[in-house]
Amino acid sequence: MRAVVQRVSSASVTVADRTVGAIDGPGLMVLVGITHDDDEAKARKMAAKLWGLRILDGEKSCSDAGAPLLVVSQFTLYGDARKGRRPSWTAAAPGPVAEPLVDAVVAELRALGAKVETGEFGADMKVALVNDGPITLVLDL
């Protein structure tokens with residue numbers, strides 16, 4: 001499981017000119033990619049890591065500050081462009097495997113007390129954000 005995490009002052013996702021998820025104020029924009037050997041245990045671990053990650057102002061976490069997260073599924077995080085100019089997507093899990101695991105990350109974050117907004121799995125999404133810092137991390141589990 002891989003996540004690209006950005007500290008943001010705002011972020012939103014639109015699908016067909018309709019906002020499906022948005023956060024305001026300090027928080028985290030999280031792109032989540034799923035690979036073939038990921039499971040619910042990794043989803044729980046990723047959620048805990050995101051909830052406790054101390055990258056907000058004053059080295060606070062979302063759990064410390066009550067900050068929101070916007071979680072968006074992103075299969076292209078497992079794209080491999082080492083050969084040629086066309087990425088391979090073989091390391092990305094197919095939708096029927098990936099969607100429940102992204103949902104599990106979101107459900108676990110909510111169980112931990114997080115306010116979570118989401119994108120729409122499999123949709124052509126437009127993501128807008130204001131990266132604060134900028135701070136961007138890649139988390140691999």
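I begin with Gln6, which sits in strand β1. The model under discussion is a predicted one, and every value I quote is computed from it. With a relative accessibility of 16%, Gln6 counts as buried, because the limit for that class is under 20%. Its side chain makes a polar contact of 3.4 Å with the side chain of Thr136. Setting aside residues up to four places away in sequence, Gln6 touches Gly27, Leu28, Met29, Leu129, Asn131, Ile135 and Thr136.

One member of that list leads to the next site. Leu129 belongs to strand β5 and is partly exposed, at 32% relative accessibility. Beyond its neighbours within four places in sequence, Leu129 is in contact with Gln6, Val8, Ser10, Ala11 and Met29. Leu129 and Ile23 are 106 residues apart in sequence, yet their C-alpha atoms are 9.4 Å apart in space.

Strand β5, residues 125-140, also holds Pro134. The peptide bond leading from Gly133 into Pro134 is cis, with omega near -10°.

That brings me to backbone geometry elsewhere in the chain. As background, most residues other than glycine have a negative phi, and most peptide bonds are trans. Ala16 is exposed, with a relative accessible area of 72%. Glu59 likewise has a positive phi, about 55°, and is not a glycine. Glu59 is placed in the loop between α1 and α2, the latter being residues 62-65. Its relative accessible area is 53%, so Glu59 is exposed, the threshold being over 50%.

I turn now to the interior. In soluble globular proteins, nonpolar side chains tend to be buried together. Here the largest nonpolar core has 30 residues, and those touching the most other members are Val5, Val30, Leu50, Leu69 and Leu109. Two or more residues each come from β1 (2-15), β2, α1, β3 (69-73) and α3 (95-111). Which element gives the most to this core? It is α3, with seven residues.

Val30 illustrates the contacts of one such member. Leaving out residues up to four places away in sequence, Val30 touches Ala3, Val4, Val5, Leu50, Leu69, Leu70, Val71 and Val72. Apart from this core lies another, of twelve residues, including Val8, Val13, Val15 and Leu77.

The buried residues in α3 are Ala98, Leu101, Val102, Ala104, Val105, Val106 and Leu109. After α3 comes Gly113, where phi is positive, near 110°.

Next, the aromatic residues. A pair of aromatic rings is described by the distance of the centres and the angle of the planes. How many aromatic pairs does a search of the whole structure find? It finds one. The ring centres of Phe75 and Trp89 are 5.3 Å apart and their planes stand at 65°; the pair is therefore edge-to-face, for which the angle must be over 60 degrees. Phe75 and Trp89 are 14 residues apart, and both are placed in the loop between β3 and α3. Phe75 is partly exposed, at 47% relative accessibility, and Trp89 is also partly exposed, at 38%.

A further ring takes part in an arrangement with a charged residue: Arg2 lies over the face of Tyr78, at 4.3 Å from the ring centre.

Is Thr35 buried or exposed? It is buried, because its relative accessible area is 14% and the class requires under 20%. A polar atom of the Thr35 side chain lies 2.5 Å from the backbone oxygen of Ala91. Not counting residues up to four places away in sequence, Thr35 touches Met1, Tyr78, Ala91 and Ala93.

Methods: Residues numbered from 1 in each chain as written. Predicted model: local features only at pLDDT ≥ 70, side-chain atom pairs only at ≥ 80, totals over all residues. Heavy atoms only, no water. Buried < 20%, exposed > 50% of the residue type's maximum accessible area, 1.4 Å probe, protein only. Polar contact = N/O pair within 3.5 Å; in protein donor to acceptor, adjacent residues only side chain to side chain. Contact = heavy atoms within 4.5 Å. Core = buried A, V, L, I, M, F, W, Y, C linked by side-chain atoms within 4.5 Å. Helix = DSSP H or I, 4+ residues; strand = E, 2+ residues; numbered from the N terminus. Phe/Tyr/Trp six-rings, centres within 6.5 Å; stacked < 30°, edge-to-face > 60°. Lys NZ or Arg CZ within 6 Å of the ring centre and 35° of its normal.
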